[in-house]
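Please open the structure in your viewer and keep the sequence beside it, so that each residue can be selected by its number. The tour moves from one selection to the next and says what is there.

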Amino acid sequence: MRLTLPFLALLAATPAHAVQLQFCWTGANGYTMEGVIEFPDAYLDTGIITETDVTKFQIIGFLDGVAVGSWNMRDATSETSWTLRFDTDTLRFPTGGIRSENSYQEWNANGSVNDCGAVGGFGFNGGNYAQDVCIDNVWIEDSSIDPNTPLFAQPMDVELICETVVPTS
């Protein structure tokens, strides 16, 4: 079968299948974050993907259930702190904050967690000191939790519950 130019153009315009997942992060002192990540389904079960592989990514932060800011990868500029690692085998964002181990996350918030936007700005940083958020260019130290705290994603049809987990030990 010979492919014609109009057929190839139609094929190029047809959206590729994508995996869309949701996630919820629970920080300290009432801070939480919900988000969505999307990537081509061909990347599922291929290991670690990065921000360059993601087709959609957005986060919204909350304090005691009230929205405090949001960020969308479409808003990224050359100045935006934007590093993402996601394991498509385990559906988890590697944590621990070590770049060489692909466990560092920088979603509109640098290592100082102070560059997320002055008005309505929101970002998340999963560094080696802590996992925490930035609101209006200010590091919210009260949100900080252990850098090794797991962060999983789940299918969109599963109820997303973002609750504070009380440590058992």
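What follows is a tour of a predicted model, with a few stops along the chain.

**Stop one: an aromatic pair**

If you trace the chain between them, you will find that the pair links distant parts of the chain, with tryptophan 25 in strand 1 (residues 18-26) and phenylalanine 124 in strand 10 (residues 122-126), 99 residues apart. Are these two residues buried or exposed? Both tryptophan 25 and phenylalanine 124 are buried.

Now widen the selection to the cluster that ring pairs link together, which includes Phe23, Trp25, Phe39, Phe57 and Trp71, and also takes in Trp82, Phe86, Phe93, Trp107 and Phe124.

In soluble globular proteins, nonpolar side chains tend to be buried together. In this model the largest nonpolar core has 28 residues, and among them Ile37, Phe57, Phe93 and Trp107 touch the most other members. Several strands each supply at least two residues of this core, including strand 2 (31-40), strand 4 (56-63), strand 11 (131-135) and strand 12 (138-145).

Stay with phenylalanine 93 and display what surrounds it: leaving out residues up to four places away in sequence, phenylalanine 93 touches residues that include Phe23, Ile37, Phe57, Trp107, Leu151 and Ala153, as well as Arg85.

**Stop three: arginine 85**

Why does arginine 85 count as buried? Its relative accessible area is 17%, and buried means under 20%. Next, show the side chain of glutamate 51, which a polar contact of 3.0 Å joins to the side chain of arginine 85. Apart from its neighbours within four places in sequence, arginine 85 is in contact with residues that include Ile48, Ile49, Thr50, Pro94, Asn102 and Tyr104.

**Stop four: glycine 69**

Finally, select glycine 69 in strand 5 (residues 66-72), which counts as buried at 14% relative accessibility. Glycine 69 touches Ile60, Gly61, Gly120 and Phe122, when residues up to four places away in sequence are not counted. To end the tour, draw a line from the C-alpha of glycine 69 to that of isoleucine 135: they are 6.9 Å apart in space, although the two residues are 66 residues apart in sequence.

How values were computed. Residues are numbered from 1 along each chain as its sequence is written. This is a predicted model: local features need pLDDT of at least 70, side-chain atom pairs count only at pLDDT 80 or more; totals for chains, interfaces and linings use all residues. Side-chain values use heavy atoms; hydrogens and water are left out. Buried means under 20% relative accessible area, exposed over 50%, partly exposed in between (1.4 Å probe, protein chains only). A polar contact is a pair of N or O atoms within 3.5 Å; within protein, one must be able to donate a hydrogen and the other to accept it, and residues adjacent in sequence count only if both atoms are side-chain atoms. Contact means heavy atoms within 4.5 Å. Helices (H or I, at least four residues) and strands (E, at least two) are DSSP runs, numbered from the N terminus. Rings of Phe, Tyr and Trp (its six-membered ring) pair if their centres lie within 6.5 Å; planes under 30 degrees apart count as stacked, over 60 as edge-to-face and the rest as tilted. A nonpolar core is a set of buried Ala, Val, Leu, Ile, Met, Phe, Trp, Tyr and Cys residues joined through side-chain atoms within 4.5 Å.
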